[in-house]
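Here is a friendly note to read alongside the structure. Take each point in turn and find the residues on screen as you go.

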Amino acid sequence: MKIDALIIGGGPAGLTAADEFLRHGVRPLVIEASTQWGGIARTVRWQGHRVDIGGHRFFTKDASIQGRWQEWLGKDLLEVPRLSRIFYRGKYYPYPLKLPETVANFGLGQSVVALTSYLWAKARPVRPERSFEDWVTNRFGRHLYLTFFKAYTEKVWGMPCSEISADWAAQRIHGSASRQPFSGVFRRHKASSRSSRRSITPALARE
């Protein structure tokens, strides 16, 4: 069979690319390293439990992308409340990080360290900004980077943050979190729109 395009990775992006090629008469071949499709969006069985490898919620401002997934999944694409939290040392932190909750959980000492680290990063940012580590440190400070971002990112993606590009970080991390993580010190946050508080997620696969 003639192959016109090679796609590496059978996650949502790779499968969407394959579908787009087919709609334009191009024959793709998708290569996936694991034995299951889905990339980090897949659910696997482990010791009798279902484990999500990565996030299963889906949010986009692009109507065409939304329509494509709605076409594929139909009634199995559910709209749910959007809530992200980080569980750290027995306490939940909202994500994007919010000052009142973060200070309450951290305590005064940790909060002073985090704020000092953030101000230092603003005064002396890493230049040139090449990696995920550089990007997050410049926007959150070294302390919050090491606390909330480094270990999780390296665990999920299987590579050091210093080897992940800064461009990738800009695409993945929520905009309001990266712009002013300590903005609550100086002003109130504006209320979130309804769309930012909702996301869609696939229903559990029927067996």
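Predicted model: local features only at pLDDT ≥ 70, side-chain atom pairs only at ≥ 80, totals over all residues.

1. Start with helix H3 (residues 99–123) and helix H4 (residues 132–140). Their axes come within 6 Å and cross at roughly 110°. Angles of 65 to 115 degrees count as roughly perpendicular, so that is the word for H3 and H4.

2. Now look at who makes that contact. H3 contributes Tyr118, Ala121 and Lys122, while Thr137, Asn138, Arg139 and Phe140 come from H4. Sorted by class, the contact has three nonpolar, two polar and two charged residues.

3. Next, the aromatic rings, with a count of ten aromatic pairs. In one of them, the ring centres of Tyr88 and Phe148 are 5.4 Å apart; their planes are at 65°, so this pair is edge-to-face. Tyr88 belongs to strand E6 (residues 85–88) and Phe148 to helix H5, so the pair links distant parts of the chain, 60 residues apart.

4. Are Tyr88 and Phe148 buried or exposed? Both are buried. They also join a cluster: ring pairs link Tyr88 and Phe148 with Tyr93 and Phe106.

5. Arg85 places its charged end over the ring of Tyr92, 4.1 Å from the ring's centre.

6. Finally, find Glu163 in the loop between helix H5 (142–157) and helix H6 (166–172). Its relative accessible area is 55%, so Glu163 is exposed. Glu163 and Ser131 are 32 residues apart in sequence, yet their C-alpha atoms are 6.2 Å apart in space.

Technical notes: Residues numbered from 1 in each chain as written. Heavy atoms only, no water. Axes fitted to C-alpha atoms, helices over the stretch in contact; angles between N-to-C directions. Helix = DSSP H or I, 4+ residues; strand = E, 2+ residues; numbered from the N terminus. Parallel < 35°, antiparallel > 145°, perpendicular 65-115°, else oblique. Contact = heavy atoms within 4.5 Å. Nonpolar A, V, L, I, M, F, W, Y, C, P; charged D, E, K, R; others polar. Buried < 20%, exposed > 50% of the residue type's maximum accessible area, 1.4 Å probe, protein only. Phe/Tyr/Trp six-rings, centres within 6.5 Å; stacked < 30°, edge-to-face > 60°. Lys NZ or Arg CZ within 6 Å of the ring centre and 35° of its normal.
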